[in-house]
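Look at the sequence and the fold together before reading on. The paragraphs below go from the strands to the aromatic rings.

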Amino acid sequence: PALASADTLSIINQPANTAEGVQRPERGLTQQQVESRFGSPLEKMDAVGEPPISRWVYDEYTVYFEHEYVIHSTVHRQD
């Protein structure tokens, strides 16, 4: 008999992208718009894969780009 295994995905609710939550870049903004509105990131990670996905790390969140456009942002987990 074959044994099956699977990874566990833990989904954590993200704080709202509002003044009361953690404001962060929204989908569709360009890298230039993000830097203009949110300032320089702490770190810019090089693009990998095809399509190229890069990420910018800020103090409270990370922004993911496909080419030059935001595709997602995630708030850092506070333990």
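Predicted model: local features only at pLDDT ≥ 70, side-chain atom pairs only at ≥ 80, totals over all residues.

**Strands, hairpins and rings**

Strand β2 (residues 53–57) pairs with strand β3 (residues 61–66) in the antiparallel sense, over five bridges. Two strands count as paired if DSSP finds at least two bridges between them. Helices (H or I, at least four residues) and strands (E, at least two) are DSSP runs, numbered from the N terminus. Between β2 and β3 there are three residues, and the two strands form a hairpin.

Residues are numbered from 1 along each chain as its sequence is written, and side-chain values use heavy atoms, with hydrogens and water left out.

β3 also pairs with strand β4 (residues 69–75), in the antiparallel sense and over six bridges. Here Val63 stands opposite Ser73 in β4. These two strands form a hairpin with two residues between them, and His67 in the turn has a positive phi of about 55 degrees. The protein chain has one helix and four strands, in the order α-β-β-β-β along the sequence.

Now turn to the rings. How many aromatic pairs does a search of the whole structure find? The search finds three. Rings of Phe, Tyr and Trp (its six-membered ring) pair if their centres lie within 6.5 Å; planes under 30 degrees apart count as stacked, over 60 as edge-to-face and the rest as tilted. The ring centres of Phe38 and Tyr61 are 6.3 Å apart and the planes lie at 80 degrees, so this pair is edge-to-face. Because Phe38 lies in helix α1 (residues 31–38) and Tyr61 in strand β3, the pair ties together parts that are 23 residues apart in sequence. The rings of Tyr58 and Tyr61 have centres 5.0 Å apart and planes at 25 degrees, so that pair is stacked.

Tyr61, at 7%, counts as buried, and so does Tyr58, at 6%. Phe38, at 28%, counts as partly exposed. In the protein chain, buried residues make up 23% of the 79 residues.

Terms used:
Buried < 20%, exposed > 50% of the residue type's maximum accessible area, 1.4 Å probe, protein only.
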